[in-house]
Amino acid sequence: MNAVDLITRKREGRELSASEIAYLIDGCTQGKIPDYQISALLMAIFFRGMNSREILALTESMVHSGQVVDLGHLSGLKVDKHSTGGVGDKTSLVVAPLVAAAGAYVPMISGRGLGFSGGTLDKLESIPGFNVRLSLSQFKGVLQNCGCAFIGQTEEIAPADRRLYALRDVTATVESIPLICASIMSKKVAEGIDGLVLDVKVGEGAFMRSLEEASDLAQSLVDIGNGMGTKTVAFISDMNQPLGLAVGNSLEVVEAIETLKGQGPEDLTHLCEKLAIKMLALASPPEKAGRAKEKIAHLLRSGEGLEKFRQIIQAQGGDPAVIDNYSRLPQASHRRDVLTQRSGYVVALNARKIGEASMALGAGREKVDSQIDYSVGILLRKKIGDFVEKDEPLATVHFNSESKFEEVQATVLNAFVVGPARVDPPSLIKSLVETSR
Ligand code: URA
C-alpha cells in the first residue's frame with residue numbers, strides 16, 4: 001500500500017477499504033505519513049465524502065490510535081452527552097449532575113471553546129480551583145465516588161484526532177460530515193461508555209446551518225455509534241438564538257446553577273430535561289426506562305441534582321460555596337445595557353453575533369492557545385418573540401475594558417432584529433434520531 005495511490009483513489013471518488021483506512025490512520029498517528037499527504041487526503045475526503053462503511057472504518061481506526069478507557073470497575077451503566085457546539089449551551093453542567101444523581105455514571109470528556117462557540121471545560125474552570133486536568137486514574141476515582149467527572153481530552157484518547165483536527169483547522173476541511181463524525185465518535189467511543197446522547201445544533205450559531213445538513217450529521221453519528229456497539233441517539237436542537245440568557249463563562253455557570261435550583265430559563269430547562277431523561281433511559285434497564293422522566297423531575301425539584309454538582313465541584317478541587325454565593329465566581333468590573341432604538345417585537349436574535357461579541361470581550365478564544373477572561377460576557381434581556389419598548393435594554397454587557405465594550409456594542413445591537421409583528425420563538429427541539437439507517 002502507498003499513500004499516493006490511496007489519495008488518488010479517494011480523489012477519484014472511489015471507496016477505501018477498512019485496511020487501507022487503517023494504514024493511513026496508523027501512518028498519521030505514528031508520523032510516518034507526512035502532513036502534506038494527510039492534508040491532501042483530507043481535502044479529497046472533503047470533496048468526495050465517504051460512505052457509511054468508510055466512516056465506520058475511519059472511526060474504528062481513530063479509536064484504536066489510542067487507549068479505550070477501561071471503566072469495567074464500575075458496576076453500572078455509563079452514559080455521556082455531547083453537543084456539536086453553540087452559543088450559551090451550558091447543558092452539560094446541568095445534565096451530568098442530574099443523571100449522576102439518578103444513579104448512572106457520567107464520564108464526561110469535554111472540549112474547550114473555540115471561535116464564537118463556548119466549551120464546557122472553560123465554563124467549569126471559571127469556578128475557582130476547579131481542576132479539569134485530572135489524570136485518567138484521578139478521573140476514574142472521582143467518577144467512582146461522585147458518579148460523574150469532567151476532564152479534557154488526554155494524550156491517550158484518540159491521538160489520531162488531534163493530528164487530523166489540527167490539519168483540518170488549517171486546510172479548510174473542518175466542515176465535512178464524515179470527518180466531523182469520526183472525530184466526535186472516536187473520542188466518545190474511547191471513553192468506554194454504553195450509551196450516548198448527542199445534541200446536534202442547527203442554525204446561525206452552529207456548524208450546521210440547515211436542517212438538512214444537521215439531519216445528515218445526526219443520522220451518521222447515530223449509525224456510527226450503534227455500529228460500534230454504543231447505544232446512540234441524537235437530538236437536533238435550535239441554535240439560531242443563544243440557549244438560555246447567559247453567554248460567557250462564569251455567567252453561564254450561574255445560569256446552570258439556577259437551572260439546577262429549578263429557576264433556570266424555560267428553553268434551557270426544557271432541553272436539559274429532555275437530554276437528561278434520554279440519557280437516563282439509555283442507561284436504565286428497559287423496565288425502568290419509562291420512569292426516567294419522573295425521576296429527573298424529582299431530582300430537579302428536590303435539589304439532589306444541585307447537591308451532586310456541589311459534590312463534583314468539591315471532588316475536582318473547586319470552591320463549592322459558589323453554589324450559594326455567586327460573588328465567589330469571577331465578576332467583570334463593569335456592566336452596561338445595550339438599548340433598543342425602537343419599540344416592537346424581537347423577530348431575530350443572531351446567536352453567532354452574540355457569540356462573536358462575547359469572544360471579542362475576552363470570553364472566547366481566537367486561537368487554541370489564547371487566554372480567556374472568565375468574568376465577561378453578555379446577559380440577554382430579550383429573546384425572539386418578546387416585546388421591547390424603545391430605550392429598553394436588549395442585553396447587558398459584562399466587561400473589563402471600555403474599549404472592548406465600544407468594540408462589541410454595535411454587534412450586540414445588530415444581533416437583534418426588532419419588527420412590528422410578533423413571531424413565535426423557533427421550536428427548540430427539531431427532531432430526535434433514534435435508529436440507525
Ligand atoms: N467537534 C469535534 O470534536 N470534532 C469535529 O470535527 C467537530 C466538532
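Here is a short walk through the ligand site and the aromatic contacts of this predicted model.

Let's start at the ligand. Its shell is made up of Tyr-165, Arg-168, Ile-180, Ser-183, Ile-184, Lys-187 and Phe-207. By type, these residues divide into 4 nonpolar, 1 polar and 2 charged. Look next at the polar side chains: an oxygen atom of the ligand lies 2.9 Å from a polar side-chain atom of Arg-168, and a side-chain N or O atom of Lys-187 is 2.5 Å from an oxygen atom of the ligand. Ser-183, in turn, brings a side-chain N or O atom to 2.6 Å from a ligand nitrogen. Taken alone, the ligand exposes 240 Å², and the protein buries 87% of that. Two elements each give two or more residues to the shell, helix H8 (159–170) and helix H9 (177–189); H9 gives the most, with 4 residues.

Now to the aromatic rings. The model has 3 aromatic pairs. One of them joins Phe-46 and Phe-47, whose planes stand at 85° with the centres 5.3 Å apart, so the pair is edge-to-face. Phe-46 is partly exposed, at 28% relative accessible area, while Phe-47 is exposed, at 65%.

Tyr-345 and Phe-387 also form an edge-to-face pair, because their planes are at 70°, beyond the cut-off of 60 degrees; their centres are 5.2 Å apart. This pair links distant parts of the chain, with Tyr-345 in strand S8 (residues 344–349) and Phe-387 in strand S10 (residues 387–388), 42 residues apart. Tyr-345 is partly exposed, at 25%, and Phe-387 is partly exposed too, at 38%.

Technical notes
Residues are numbered from 1 along each chain as its sequence is written. This is a predicted model: local features need pLDDT of at least 70, side-chain atom pairs count only at pLDDT 80 or more; totals for chains, interfaces and linings use all residues. Side-chain values use heavy atoms; hydrogens and water are left out. Rings of Phe, Tyr and Trp (its six-membered ring) pair if their centres lie within 6.5 Å; planes under 30 degrees apart count as stacked, over 60 as edge-to-face and the rest as tilted. Buried means under 20% relative accessible area, exposed over 50%, partly exposed in between (1.4 Å probe, protein chains only). A residue is near a molecule or strand if one of its heavy atoms lies within 4 Å of it. A polar contact is a pair of N or O atoms within 3.5 Å; within protein, one must be able to donate a hydrogen and the other to accept it, and residues adjacent in sequence count only if both atoms are side-chain atoms. Accessible areas come from the Shrake-Rupley method with a 1.4 Å probe; for residues, only the protein chains shown count as cover. Ala, Val, Leu, Ile, Met, Phe, Trp, Tyr, Cys and Pro count as nonpolar, Asp, Glu, Lys and Arg as charged, and the others, Gly among them, as polar.
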